[in-house]
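Visitor: Can you walk me through this one? Keep it quick.

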Amino acid sequence: MTEEHFKKIISHSKEFGFIFPSSEIYDGLSATYDYGQNGVELKNNIKKYWWRSMVQMHENIVGIDAAIFMHPNTWKASGHIDAFNDPLIDNKDSKKRYRADVLIEDHILKIENKINKEIQKAKKRFGEEFNEKTFIQTNQNVLRRQKNIDSITKKMENAFNSDDLNSIYELIVELEIICPVSGTKNWTSVKQFNLMFQTELGSVSGESASIFLRPETAQGIFVNYLNVQKTGRKKIPFGIAQIGKAFRNEIIARQFIFRMREFEQMEMQFFISPGTQEKWYNHWKENRMNWHKSLGIAEESLRFHDHIKLAHYADAACDIEFKYPFGFKELEGIHSRTDFDLKQHENLSKKKLRYFDPEKNESYIPYVIETSIGLDRMFLALLSHSLKEEELKDGTFRTVLSLPYSLAPTKAAILPLVKKDGLSEKAKVIFNSLKAIFNCSYDEKDSIGKRYRRNDALGTPFCITVDYETSKDNSVTVRERDSMSQERIKIDELSKFIDSKVNMNLLF
Ligand code: ATP
């Protein structure tokens with residue numbers, strides 16, 4: 001996957017009503033995007049699949065929907081007020097602000113690109129005999145560059161692990177990293193910057209209190225865990241799931257919907273007895289990886305990345321990374337959060353947050369395993385995986401969005417072959433009979449071939465064409481997106497046929 005593919009994803013998203021820049025008529029707002037008429041359908045389907053997999057399919061997991069605003073002490077207890085920071089550096093000439101770690105990572109990326117170019121060049125030169133693995137292991141230029149990457153990564157990790165901001169600054173100077181805007185190396189020192197958005201509650205001055213837009217949905221679950229446990233008569237182990245918006249004042253917000261200031265998370269906190277965290281951590285790692293694979297995402301595009309530096313609340317943590325067009329990046333986090341959050345809330349609220357375990361006949365603060373996936377990053381992963389240019393037998397190309405059928409925004413497009421001779425009316429009757437069961441569209445504009453192409457690009461699994469035969473045999477032509485094969489199907493068998501292909505249950 002390449003930068004070109006990434007550009008294509010962005011333009012396709014806009015052209016086909018998936019994602020628009022926010023408030024575009026005012027030239028947009030950086031790192032903020034709106035989901036369009038097809039984007040919202042795909043997004044809702046991802047949410048639905050996640051919710052069904054996590055909540056409906058687990059008798060011991062329930063969902064909640066907590067408020068975005070929370071008591072400010074929540075963020076004191078969770079550590080976000082003191083420790084939710086990014087290391088920042090300013091360029092004195094351009095006055096632009098950057099994340100110090102990202103400047104270094106970008107520098108590493110440039111070296112990686114050089115290695116890739118070297119590989120591509122050799123591939124061309126040696127043709128079929130080329131063995132990439134051997135080339136990487138033996139080519140002196142590649143080896144030298146890889147050694148350089150390893151050394152920079154090690155220095156960066158050491159500096160971050162010891163919170164040594166000065167060493168990060170020194171590394172930026174040593175690597176002679178320049179500001180992409182001013183082109184100079186005139187840097188300030190590195191400082192920490194809190195990522196939470198702050199606002200005021202109450203309209204009368206003097207009576208207001210500072211509150212924060214939640215930077216994660218998890219805390220809404222923690223503060224409600226006893227409410228749910230008691231009212232739901234839940235026994236440990238049990239989980240609470242939630243989907244909702246989160247806000248972070250990201251300094252470098254780019255890479256489209258990968259890193260936004262307002263985004264959506266799908267999180268589940270699984271409450272367990274102390275000492276069982278390793279078992280459950282491994283259980284959820286496997287469960288979540290299988291969830292991604294169930295959507296047909298290729299195994300080589302997914303990998304685990306274990307955290308070296310653990311967050312203040314975790315005793316084990318990893319990411320599920322997806323191979324985005326700009327490289328492997330975090331899609332989902334799985335964290336063994338110990339009893340940190342509940343303990344902190346107990347201390348600050350002075351309310352007992354213990355669970356009485358009838359089997360052990362004792363009270364304790366549960367441990368927690370968290371699975372936390374960014375809905376927008378999942379959306380981008382699906383687009384990256386699905387958007388394809390396919391060469392057809394006749395040498396022409398088609399753009400196809402090969403989303404899993406059950407996630408496609410529209411399941412069937414109802415298309416009269418032509419607008420006249422009563423075909424539109426017949427097609428509308430079919431549309432009206434199917435619309436309550438599936439998300440369908442009706443389209444009579446342009447030639448049938450163009451309408452097929454348009455629906456391929458939207459990811460629509462089935463095109464249903466009403467033609468002159470329809471009124472004679474009560475059948476329609478059903479064209480399938482992936483195989484492009486066409487078959488005649490009786491109108492009264494349509495809904496059963498479509499359901500047998502697009503039902504979400506097929507993913508489980
Ligand atoms: P990153 O290292 O990329 O900033 P993170 O480790 O801070 O991410 P978590 O705090 O673990 O992320 O949040 C859980 C999930 O929320 C992430 O795996 C990601 O999918 C999503 N997420 C986090 N920040 C953003 C963002 N700014 N925009 C979109 N999604 C995000």
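Guide: Start with Arg303: its relative accessibility is 38%, partly exposed. Buried means under 20% relative accessible area, exposed over 50%, partly exposed in between (1.4 Å probe, protein chains only). This is a predicted model, with local features needing pLDDT of at least 70 and side-chain atom pairs pLDDT 80 or more, while totals for chains, interfaces and linings use all residues. Numbering runs from 1 along each chain as its sequence is written, and side-chain values use heavy atoms, without hydrogens or water.

Visitor: Which side chain does Arg303 meet in a salt bridge?
Guide: Glu321, at 2.8 Å, N to O. A salt bridge puts a Lys or Arg side-chain nitrogen within 4 Å of an Asp or Glu carboxyl oxygen. Glu321 sits in strand E12 and Arg303 in strand E11, 18 residues apart. Strands are DSSP runs of at least two residues. Glu321 is buried, at 7%.

Visitor: Switching to the ligand. Which residues come nearest?
Guide: Glu250, Arg259, Met260, Glu330 and Leu331, out of 15 around it. Here, near means a heavy atom within 4 Å.

Visitor: What distances to ligand oxygens do Arg259 and Glu330 show?
Guide: A polar side-chain atom of Arg259 lies at 2.8 Å, and one of Glu330 at 2.6 Å.

Visitor: Which strand gives the most to the shell?
Guide: E13, with 5 residues.

Methods: A polar contact is a pair of N or O atoms within 3.5 Å; within protein, one must be able to donate a hydrogen and the other to accept it, and residues adjacent in sequence count only if both atoms are side-chain atoms. Helices (H or I, at least four residues) and strands (E, at least two) are DSSP runs, numbered from the N terminus.
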